[in-house]
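Please consult the sequence and the structure alongside the text.

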Amino acid sequence: MLSGRRLDLIDPSPLDIEIADIAHGLARVARWNGQTTGEHAFTVAQHSLIVEEIFKRLKPAATMEECLTALLHDAPEYVIGDMISPFKAIMGGDYKKVEKRLEEAVHLRFSLAAETPKGLKALIKRADRISAFFEATSLAGFSESEAAKLFGRPRGISRDMIALDPLPAGDVQKAFVDRFEMLEASRSINDRQN
């Protein structure tokens, strides 16, 4: 990693994970295999920011830990890249094991539950699918009916509620780190008050 950390993909250590590496990597990994409109790639970092924003709209009383879990929902992709779901299914078990180990290490590094509780995971997945619907129809050339078949029709969230214009890598990297730091600062304040 650019931080100087060496990350073992077979047995990742939380001690080798840095938010700067995650933000840098995710800001350079293109969603939709780069097949999107705009001057810049639509990145996993920008997608992650949008998913966390949608998650907060779906659960206004979410804790900072839950918001951080939503922000980091695709964090393993800073190392393994973003693969489309059908390809992940073909790759099967070994890919999923590596992804799960990385996710657990990321969560432990930032004092989150190693495994996301089912209800929280389902709500983050809903936010993820809402984002994917709008990304597909606004950036990746899908018709609304095609996107609805794959991701379902969004309920309670409209396109005008989220900013989908692809950002330059450096801008989205900074926005990702800024959001992470804000969530971490809020967690620290909450911890001191309790």
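What does the accessible surface of the protein come to, and what share of it belongs to carbon and sulfur atoms? The accessible surface comes to about 10,100 Å², and 54% of this belongs to carbon and sulfur atoms; accessible areas come from the Shrake-Rupley method with a 1.4 Å probe, and for residues only the protein chains shown count as cover. The model is predicted: local features need pLDDT of at least 70, side-chain atom pairs count only at pLDDT 80 or more, and totals for chains, interfaces and linings use all residues. Residues are numbered from 1 along each chain as its sequence is written, and side-chain values use heavy atoms, with hydrogens and water left out.

**Overall fold**

- The secondary structure consists of nine helices and zero strands, where helices (H or I, at least four residues) and strands (E, at least two) are DSSP runs numbered from the N terminus.
- The radius of gyration, taken over C-alpha atoms, is 16 Å, close to the 16 Å that the globule rule (2.2 Å times the number of residues to the power 0.38) gives for 194 residues, so the protein is as compact as a globular protein of that length.
- Along the principal axes, the C-alpha trace spans about 45 × 40 × 35 Å.
- Of the 194 residues, 45% count as buried; buried means under 20% relative accessible area, exposed over 50% and partly exposed in between, with a 1.4 Å probe and protein chains only.
- Among contacts (heavy atoms within 4.5 Å) with a separation of 6 or more, 68% are between residues 24 or more positions apart.

**Aromatic pairs**

- The whole structure contains four aromatic pairs; rings of Phe, Tyr and Trp (its six-membered ring) pair if their centres lie within 6.5 Å, and planes under 30 degrees apart count as stacked, over 60 as edge-to-face and the rest as tilted.
- Phe110 and Phe180 form an edge-to-face pair, at 4.9 Å centre to centre and with 70 degrees between the planes.
- This pair links distant parts of the chain, 70 residues apart: Phe110 lies in the loop between α6 (93-109) and α7 (118-138), and Phe180 in helix α9 (residues 169-193).
- Phe110 counts as buried at 4% relative accessibility, as does Phe180 at 6%.
- The rings of Phe133 and Phe134 also form an edge-to-face pair, because their centres are 5.4 Å apart and their planes stand at 85 degrees.
- Phe133 is buried at 3% relative accessibility, and Phe134 is buried with a relative accessible area of 7%.
- Trp32, Phe142 and Phe151 form one aromatic cluster.

**Enclosed regions**

- Helix α3 (residues 64-71) is largely enclosed by the rest of the structure, because six of its eight residues are buried.
- The buried residues of α3 are Glu66, Cys67, Leu68, Thr69, Ala70 and Leu71.
- Thr36 is found in the loop between α1 (19-26) and α2 (44-58), and counts as buried at 16% relative accessibility.
- With residues up to four places away in sequence not counted, Thr36 touches Arg31, Phe42, Leu139 and Ala140.

**Nonpolar surface**

- Phe87, Ile90 and Met91 form a nonpolar surface patch with about 320 Å² of accessible area together.
- Ile90 is found in helix α5 (residues 85-91) and counts as exposed at 68% relative accessibility.

Key
Patches are made of residues with over 30% relative accessible area and no salt bridge: like charges are joined within 9 Å, nonpolar side chains (Val, Leu, Ile, Met, Phe, Trp, Tyr) within 5 Å. A salt bridge is a side-chain nitrogen of Lys or Arg within 4 Å of a carboxyl oxygen of Asp or Glu.
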